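Please take a moment to look over the sequence and the structure below before reading on. The paragraphs after it walk through a few selected places.

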Amino acid sequence: MTTSTPILETQGLNKWFGGLHVTNEVDFRLDPGEIHCLIGPNGAGKSTLFKLLLGEHTPSAGRILFEGKEITIEPSFARIRRGISVKFQVPGIFKELRVHHNLEIALQRRLKGDALDAEIERLLGFLNLREQADKLAGALSHGQKQWLEIGMAVSLRPKLLLLDEPTAGMTPDETHATGEVIQALNAEGVTVLAVEHDMAFVRQIAQRVTVLHFGAVFAQGTIDEIVADDRVAAIYLGQGYD
Amino acid sequence: MANSPHKMLFHKRLEGPQTLGKGKGFWSGFLLVLAAACVYPLFADGYDVGNNVYFFNWVFMALGLCLIWGYGGILSFGQVAFFGIAGYCYGILTINWGAAYGLSLVALGLAVVVAGLVAALLGYFLFYGRINGVFLGIVTLSFTLVCERFMAQTAGPQWTVGTARLNGFNGMGGMPPLTIPWFGNDIILFPDVQLYYLILALLVAVYLGLRVLLNSRFGNVLVALRDNPERAEMLGYDIRRYQLTAFVIASMLAGLSGALYTAWGQYITPSSMGMTAAALPIIWVAVGGRGDITTTLVGTLLVLAGFQALTVYGSQYALVLMGALLVITVLAAPQGLVMGVVNLTTRLWRRFTKEARS
Ligand SMILES: Nc1ncnc2c1ncn2[C@@H]1O[C@H](COP(=O)(O)OP(=O)(O)OP(=O)(O)O)[C@@H](O)[C@H]1O
Ligand SMILES: [Mg+2]
């Protein structure tokens, strides 16, 4: 188990935006089947790391491997087809299209005909959006948009799910429910990498935690190890973070 | 489920989320309009029928622009380039081949294919070079102006292709009209009733074909990438391939317009690819309502008819009024005037039925 191929690995990953070093020599391994949380102060480079993994930015240096195969310069859609799926920090839905249409577009690569209709129905129920099915997605509440996007990301049946602040703007109840959904997916074999600020949520789901600071890996361990680490507390306190 | 699944699917795609109009009411109206269009030549004189063919010629290009701009969110300023390319192609081929044995129809098909190939080449660099937004507009406009300049300097006798003289700014003329071989007694589709029916049939086929395409999985992806290209790509769609495909289809439709126009008037000039020509399709589509092919179709015909009526008072005035019409549309009904009327009537109708119920 210890020597199994990581589902995702970065080697010496770097990204500069002009003079700004946003990703700094990141060597990162994600084991298949784990729930891993990525935390760090605002501007630490968490979202940028996601965008590098997805091919939205190209790395200035370093390599990215998915299931042992190099994907560093592969276009985004090809990475998705390998089994990566994402929910962005800013809700990434089709605002001008209806809710069920959003789901249809997410599902139509995998399903068609009656199976497609049935899966849309099932997801609408699961996401608690049945009454909003005919609404434009842009008219949903913030929390509902988050749910819709999670639903679209999940509907691809990914091997690896990337979630950038999945619970931002949710009530504590919704947050907890999201955690349960993530754990249920994980039980089905989906590997999860989530960026989160909500430490209660991180405690609920994370098996391992990585702390990013100024673009570099600052600490790594279980949630208890991270919470007990004074250096980690210091970088958050330095930012006035609670 | 007595119908075969295939039939169901096709029927389902004639109406759907991407096209206005569904149910018995809409299709009855459609058949009524179509029937009227079919019997119209029986009651009109030849000149008017020929005039209507002229209007119909342009609609293909407008529908193509609606596809990429309205549905795909890509504003191409250069659709007239493909109009011109196909027009010249038709001229060169038919002047060399003549129109016997159905060769004019082959030339029509080839002209459309050539327009598609040029669009594929240009589109490849545009979309795979990730050029979009206003830059795409600039590049496509430059492309059409370059085509215009190029053709305008072909006045000299050295500019011939086979027996066809390109003729520079004066334009190329004298190509044969479309001709259907018919047991040694060819039907010449001169601006007249037969050509009218041919083009009407093409128009219906293209309109229905586009409806099916737009409500298919392809159409879903097209509107998805207009809305949020990043999300579309992150669902596993190679969005550049979809953009390129839509661009090629749109350009082939522009080519169809150009070749038909050339066959209709037996004449094509470089100014068909010029600045004014480039602006007009954008006005038709914007005024009708680029978000839907039916509003585009209706809007294009209305604007063309209006334009024609105005040119009686001089084409400069007509052009200025076209510009004014575009400004009014952008300010008052950004979704398009025909679309605005459609939206308003549906809203009034809903309110009316609601009141009637309570
Ligand atoms: N496209 C870009 N060009 C230039 N600088 C950028 C770009 N994207 C991000 N940055 C900068 O990189 C740094 C890291 O940004 P990033 O969004 O990755 O942080 P983050 O850890 O996700 O923060 P948050 O918790 O606020 O979401 C920030 O200083 C940001 O301003
Ligand atoms: Mg972020």
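This is a predicted model: local features need pLDDT of at least 70, side-chain atom pairs count only at pLDDT 80 or more; totals for chains, interfaces and linings use all residues.

Ser47(A) belongs to helix H1 (residues 46–54) of chain A, whereas Gln89(A) sits in the loop between strand S6 (84–87) and helix H3 (99–107) of that chain, so the pair ties together parts that are 42 residues apart in sequence. Gln89(A) is itself partly exposed, with a relative accessible area of 37%.

Turning to the aromatic rings, the count over all chains comes to 24 aromatic pairs. One of these joins Tyr54(B) and Tyr261(B) in a tilted arrangement, with 6.4 Å from centre to centre and 50° between the planes. Because Tyr54(B) lies in helix H3 (residues 46–71) of chain B and Tyr261(B) in helix H10 (residues 239–265) of chain B, this pair ties together parts that are 207 residues apart in sequence.

Tyr261(B) also forms a tilted pair with Trp58(B), at 5.2 Å centre to centre and with 50° between the planes. Here too helix H3 and helix H10 of chain B are the partners, so Trp58(B) and Tyr261(B) tie together parts that are 203 residues apart in sequence. Trp58(B) is buried, with a relative accessible area of 13%, while Tyr54(B) is partly exposed at 21%. Ring pairs link these residues into a cluster that includes Phe55(B), Phe83(B), Trp264(B) and Trp284(B).

Finally, in chain A, Arg231(A) lies over the face of Phe218(A), at 4.6 Å from the ring centre.

Note on methods. Residues are numbered from 1 along each chain as its sequence is written. Chains are lettered from A and ligands numbered from 1 in the order in which they are written. Side-chain values use heavy atoms; hydrogens and water are left out. Helices (H or I, at least four residues) and strands (E, at least two) are DSSP runs, numbered from the N terminus. Buried means under 20% relative accessible area, exposed over 50%, partly exposed in between (1.4 Å probe, protein chains only). Rings of Phe, Tyr and Trp (its six-membered ring) pair if their centres lie within 6.5 Å; planes under 30 degrees apart count as stacked, over 60 as edge-to-face and the rest as tilted. A charge sits over a ring if NZ of Lys or CZ of Arg is within 6 Å of the ring centre and within 35 degrees of the ring normal.
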